[in-house]
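Trainee: I'm new to this one and would like a close look at a single part. Could you take me through it slowly?

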Amino acid sequence: MLASAVLSFVIAFLAGFGRIAKNPIIRKFTGFYIEVFRGTSLIVQLFWFYYALPGLFGIDLGTDFWAAVVAISMNYGAYMSEVVRGSILSVSSGQREAATALNMSRFQRMRLVILPQAVRMMLPEFGNYLIQMLKATSLVSLIGLTDILYHGDIFRSTNLSLAPTVYLLILVFYFILALPLIWLTRWAEKQSSKGVATE
Amino acid sequence: MAEPIVRYKDVHKSFGDVQVLKGIDLDIAPAEKIALIGPSGSGKTTIIRMLMTLEEPTSGVIEVDGRPLWHMEKEGELVPANEKHLREVRGDIGMVFQHFNLFPHMTILDNCMVAPVHVKGESKEEAKQRSIEMLEKVGLGDKLDNYPSQLSGGQKQRVAMARALVMRPKVMLFDEVTSALDPELVGEVLEVIRDIAQEGEMAMILVTHEMEFARDIADRVLFLDEGTIAEQGSPEEVLENSKSERLQSFLSRFRSSSPS
Ligand SMILES: Nc1ncnc2c1ncn2[C@@H]1O[C@H](COP(=O)(O)OP(=O)(O)OP(=O)(O)O)[C@@H](O)[C@H]1O
Ligand SMILES: [Mg+2]
C-alpha cells in the first residue's frame with residue numbers, strides 16, 4: 001500500500017508534467033499511457049502484470065508483491081496525473097505573467113509560483129485516491145497476494161460458523177486503516193481553502 | 001534627446017486576423033513619464049505587454065537600452081530571442097497589473113522578497129531589508145506577515161508596486177492600476193505612483209483613464225486610436241488643445257463625468 005502510494009505519486013507527477021510538456025512526442029506518449037490505464041479496469045491490469053507479462057514477454061517483476069505494486073501504481077498514477085495536469089492549468093495566467101514580469105525563469109515560475117498553488121488544489125483529490133487505493137489492495141488478493149481479505153477467507157473457511165463475524169471484522173479493519181486517510185483528506189481540504197481563496 | 005531607454009520601430013501586432021497595432025514608432029527617454037490614453041480596445045495594454053515580453057510582436061523591433069528585446073544577434077543576423085536573451089533584457093522592465101496578481105500563497109513580505117532572492121541572487125537578509133523599506137515606503141510596513149487575501153484592493157496594489165520596485169527596473173509599466181479599485185481607494189494608489197514619479201530616475205508608461213492624474217505627472221501624453229499613435233505631445237497640447245475630433249470626443253467623455 002505504502003509502496004504503491006509513493007510510486008503512484010511519482011508517476012502522477014511525471015505523467016502530469018508530461019501532458020503539458022512543450023515536446024509533442026512526450027505529450028502524445030503520456031496521453032497514450034493515461035488513456036490505456038484509465039480505459040481498462042484494474043483487475044485486467046493486475047492479471048496482465050501478474051500472468052501475461054511474464055508469460056508473453058518474459059518480463060518477470062519478481063514477486064507477486066511487486067506485480068501488484070506496479071499495477072496499482074500505474075493505474076492510480078494515470079488517474080492522478082490528470083489531477084496534477086488540471087491543477088497546474090487552473091492556476092490563473094495572471095500568476096504566470098506576474099512571475100514573468102519579475103523575470104523568473106520557466107523553472108522558477110513553476111516551482112515558486114504555480115506548483116505551490118496547484119498542490120493545494122491537488123491535495124483533497126489525492127486523499128480521495130489514496131482511500132480508493134487502499135480498497136484496491138483487496139483486489140490484489142485475486143492474484144494470490146496475501147491480503148487482508150485473503151487471510152480472512154482462509155480463517156473463515158476453517159471456522160465456517162464464524163463467517164459473518166470475520167467479514168464484519170474485515171470491514172472494521174479496512175475502516176480503521178482508511179480513517180487516518182480520511183482525516184488527512186479533511187485536513188488537506190482545509191489547507192487548500194486557506195491560501196488559494198480569492199486573492 | 002539622450003539615447004532612448006525604450007524604442008519601438010514599426011511594431012505591428014495581430015491576433016489572428018485582427019490587426020490591433022498598425023505600426024508603432026516610439027522613443028522613450030530615460031526617466032520620461034508617459035501617459036497612454038485611448039478608447040477601449042485601441043491596443044494600450046498590448047503595447048506595454050509586448051515590452052514586458054508577455055506578448056510577441058507580429059513584426060517590427062522593440063529595443064531596451066539599445067538591445068533588441070525580441071531578437072538577438074547570431075552570426076551577424078537577427079534571430080528570434082531565446083529564453084536566456086529575454087531574461088537578460090527583461091530585467092530592466094517591471095510591471096504593475098490591473099488585477100494586482102499578487103502571489104496568494106505568500107506573505108506580503110515574501111511576495112516582495114521572492115524575486116530579489118531567486119532571480120537576482122541577493123542574500124535573504126539584504127532582500128528582506130530592502131523589501132521592508134519598500135513596503136514602508138508604500139505605507140504597508142505593518143502588514144509584512146499578512147497574506148494578500150487579508151488586504152484591501154488599494155493595499156494589494158501598493159504591495160504590487162513595492163514588489164516591482166524592489167527589482168529596480170529602469171522602466172515601469174502600469175496597466176490601469178486603479179480601474180479595479182473602489183473609488184475611495186484610488187487616491188492612495190495614485191499617491192504612491194506620484195511619489196515614485198517624483199523620485200525621477202525611472203521611466204514610466206502609464207495606461208490610464210485618470211486624465212487629471214495624467215496631466216499632473218506625465219511629460220508626454222500619447223493618444224492611441226485604431227492601432228496607431230494618433231496624437232502626442234505635452235499634457236497641455238494633447239489634453240487641452242487636441243487637434244483631432246476623435247480625441248476631443250474621447251476626452252469629452254471624461255470631462256462630463258470627472259468631478260475631481
Ligand atoms: N490574447 C488576445 N487574443 C485575441 N485578441 C486579443 C488578445 N489580447 C487583446 N486582444 C484584442 O486586441 C485589441 C486590443 O486590446 P488591448 O487590451 O490592447 O486594448 P486596450 O486599449 O488595453 O483596451 P482597454 O481599455 O479595454 O483595456 C482588442 O480588440 C482585444 O480584443
Ligand atoms: Mg487594457
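Which residues in helix 3 of chain B meet which residues in helix 5 of chain B?

Mentor: Happy to, and keep in mind as we go that this is a predicted model. On the helix 3 side of chain B, look for Ile108(B), Asn111(B) and Cys112(B). They meet Val159(B), Ala162(B) and Arg163(B), which sit in helix 5 of chain B. Sort the residues of that contact by type and you get 4 nonpolar, 1 polar and 1 charged.

Now step back to the two helices themselves. Helix 3 of chain B covers residues 108-118, and helix 5 of chain B covers residues 153-165. Their axes come within 8 Å and cross at roughly 25 degrees. Because angles under 35 degrees count as roughly parallel, helix 3 of chain B is roughly parallel to helix 5 of chain B. As for the handedness, helix 3 of chain B passes helix 5 of chain B in a right-handed crossing.

The residues around ligand 1 include Phe15(B), Val20(B) and Pro39(B), along with the run Ser40(B), Gly41(B), Ser42(B), Gly43(B), Lys44(B), Thr45(B) and Thr46(B). Glu176(B) is also one of the residues around ligand 1. Some of these put polar side-chain atoms by the ligand's oxygens: for Lys44(B) the distance to an oxygen atom of ligand 1 is 2.8 Å, and for Thr46(B) it is 2.5 Å. With Glu176(B), an N or O atom in the side chain is 3.2 Å from an oxygen atom of ligand 1.

Note on methods. Residues numbered from 1 in each chain as written. Chains lettered and ligands numbered in written order. Predicted model: local features only at pLDDT ≥ 70, side-chain atom pairs only at ≥ 80, totals over all residues. Heavy atoms only, no water. Near = heavy atom within 4 Å. Polar contact = N/O pair within 3.5 Å; in protein donor to acceptor, adjacent residues only side chain to side chain. Axes fitted to C-alpha atoms, helices over the stretch in contact; angles between N-to-C directions. Helix = DSSP H or I, 4+ residues; strand = E, 2+ residues; numbered from the N terminus. Parallel < 35°, antiparallel > 145°, perpendicular 65-115°, else oblique. Left-handed = near helix turned anticlockwise from the far one by under 90°. Contact = heavy atoms within 4.5 Å. Nonpolar A, V, L, I, M, F, W, Y, C, P; charged D, E, K, R; others polar.
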